[in-house]
Amino acid sequence: MATTDRPATESGFRASARLKELMAGHFTGVDRAAREKSAPVAWCTSVGPVELLRALGYQVFFPENHGALLGASRVAGEVMGRAHALGYSPDICSYLTSDIGAYLAGKTPLSRFGLSAAPRPDLLLYSTNQCREVRDWFEFYGREWNLPVVGVTSFRDLGEVEDSHVDAITRQLEALIPALEAVAGRRLDAAALELAVDRSRTCSDLWRQCLDASASRPAPLSFFDATIQMGPAVVLRGTAEACDYYRLLAAELAERVAAGRGALPRERFRLYWDGMPIWGRLRDLASLFAGLETSVVASTYCNSWVFDALDPRHPLRSMARASLELFIARAEGPKQRYLERMSRQFQVDGLVFHDARTCPNNSNVRFGLAQRLRRTSGVPVLVLDGDLNDLRCFSDEQARTNVEAFVEQLEGSAPAAARGGRP
Ligand code: SF4
């Protein structure tokens with residue numbers, strides 16, 4: 001999971017000027033800290049326990065974000081082979097193989113921010129709440145640079161999130177603190193952790209508010225816009241800057257809603273996107289759907305950085321719960337209920353499932369979920385084969401044919417409101 005700041009599809013937001021500054025400041029800030037040793041630097045997984053790092057004064061870099069940039073810039077295709085040659089299979093996470101391949105090839109799309117490589121960390125912190133791949137990914141660098149790799153081994157495929165699960169993850173978070181303190185050279189301050197959790201929660205609430213704006217008709221923010229706009233929610237979670245950014249964006253979206261201005265000039269159909277973005281085809285897919293006057297109004301992916309459970313009064317415990325309640329960490333039952341609720345909230349006419357070849361963790365059509373949703377909600381479903389970064393798994397021609405046929409099918413279907421969507 002991750003995001004890119006590449007403005008490939010962004011549809012004219014005033015706030016985007018600030019977004020570009022923020023993302024550039026993030027990359028150059030982490031790089032400076034790594035080069036000048038002015039602050040400890042950590043790498044963190046995208047939905048990992050970043051608040052602990054913020055509270056300890058770390059500058060934080062997110063390799064999944066780098067993976068997405070490699071995909072969007074299409075450098076991924078040039079470098080993945082380097083990781084495959086080391087024994088990392090072409091069938092595993094193409095963020096991992098892109099990132100390790102880029103390191104081995106000495107390439108990075110961060111060069112446009114003046115960086116010659118991803119900033120080298122002092123410590124790597126993972127959580128396997130999203131997948132095991134992130135641990136293997138970080139352990140490569142731990143071996144390469146002889147650095148500490150610490151993390152949380154989480155539960156996966158949870159039905160109900162029970163207190164016993166939260167207890168276990170809370171204990172693992174507590175156990176991480178001495179290692180994080182040792183590298184930071186300071187003790188964890190309780191007030192600093194509460195502040196970081198408070199800021200993460202505020203960021204999460206504001207980001208949700210932005211995404212929820214697209215429950216309006218027409219939707220002011222498309223999935224393709226949101227993959228760009230989500231940058232601060234990923235790489236600056238737990239900071240005041242991220243909160244300020246989403247106040248700005250939320251106000252702009254509210255203006256668009258009041259003015260009836262949508263992401264597309266005309267919105268005939270509304271779709272939901274489940275699964276990873278196809279980073280190297282973001283612009284093409286945005287144009288394809290726009291040409292069909294079809295707005296992709298919501299997604300599981302962009303909602304992955306909404307953490308409702310975070311509570312500064314109970315920082316560690318609420319971080320544990322928030323990490324377990326994530327969609328990606330849940331069983332098929334909660335996933336189905338979530339998608340049914342989102343389909344109603346956003347009044348969608350259809351669901352698109354991206355079956356990403358190298359990310360089974362974020363591909364939700366492999367255990368019959370799409371068929372069950374068709375039956376329970378009556379919403380038409382399209383499955384697109386592809387991948388987040390490995391474009392050898394994606395056929396432009398087949399995707400175009402399938403999307404066009406799907407929209408044609410929608411022309412003959414009952415509208416969302418008739419299936420119980422909001423009027
Ligand atoms: S396997 Fe999937 S969830 Fe894990 S890092 Fe890769 S893309 Fe993200």
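Contact here means heavy atoms within 4.5 Å. Helices (H or I, at least four residues) and strands (E, at least two) are DSSP runs, numbered from the N terminus. This is a predicted model, where local features need pLDDT of at least 70, side-chain atom pairs count only at pLDDT 80 or more, and totals for chains, interfaces and linings use all residues. Residues are numbered from 1 along each chain as its sequence is written, and side-chain values use heavy atoms, with hydrogens and water left out.

**View 1. Helix H3 meets helix H5.** From H3 (residues 63-72), the residues Pro63, Glu64, His66, Gly67, Ala68 and Leu70 touch Tyr95, Ser98, Asp99 and Ala102 of H5. Sorted by class, that contact has five nonpolar, three polar and two charged residues. For the classes, Ala, Val, Leu, Ile, Met, Phe, Trp, Tyr, Cys and Pro count as nonpolar, Asp, Glu, Lys and Arg as charged, and the others, Gly among them, as polar. The two axes sit 9 Å apart at an angle of about 85 degrees. Axes are lines fitted to C-alpha atoms, for helices over the stretch in contact, and angles run from 0 to 180 degrees between N-to-C directions. H3 and H5 are therefore roughly perpendicular to each other; angles under 35 degrees count as roughly parallel, over 145 as roughly antiparallel, 65 to 115 as roughly perpendicular and the rest as oblique.

**View 2. Helix H5 packs with helix H6.** H5 (residues 94-105) and H6 (residues 133-145) have axes 10 Å apart, at an angle of about 15 degrees. That makes H5 and H6 roughly parallel to each other. On the H5 side look for Tyr95, Leu96, Asp99, Ile100, Tyr103 and Leu104, and on the H6 side for Glu133, Trp137, Phe140, Tyr141, Glu144 and Trp145. This contact has nine nonpolar, no polar and three charged residues.

**View 3. The buried residues of helix H12.** In H12 (residues 282-291), Leu282, Leu285, Ala286, Leu288 and Phe289 are buried, that is, under 20% relative accessible area, with exposed over 50% and partly exposed in between (1.4 Å probe, protein chains only). They cover an arc of only 160 degrees around the axis, so they lie on the same side of H12; the arc is that of the directions from the helix axis to the C-beta atoms. What do they pack against? Their partners are helix H9 (223-229), strand E5 (269-274), strand E6 (294-299) and helix H16 (396-411). After H12 comes Glu293, with a positive phi near 55 degrees.

**View 4. Asn129 in its loop.** Asn129 sits between strand E3 (123-127) and H6. Its relative accessibility is 0%, so Asn129 counts as buried. Beyond its neighbours within four places in sequence, Asn129 is in contact with Val47, Ser154, Arg156, Ser323, Leu326, Ile328 and Ala329. Glu325 is 196 residues from Asn129 in sequence, but their C-alpha atoms are 9.4 Å apart.

View 5. Most residues other than glycine have a negative phi, and most peptide bonds are trans. Lys37, in the loop between helix H1 (16-36) and strand E1 (41-44), has a positive phi of about 55 degrees. Gln347, between helix H14 (332-345) and strand E7 (350-356), has a positive phi near 50 degrees. Which is exposed and which is buried? Lys37 is exposed at 60%, whereas Gln347 is buried at 3%. A cis peptide bond joins Arg217 and Pro218, with omega about -5 degrees; Pro218 lies between helix H8 (190-212) and H9.
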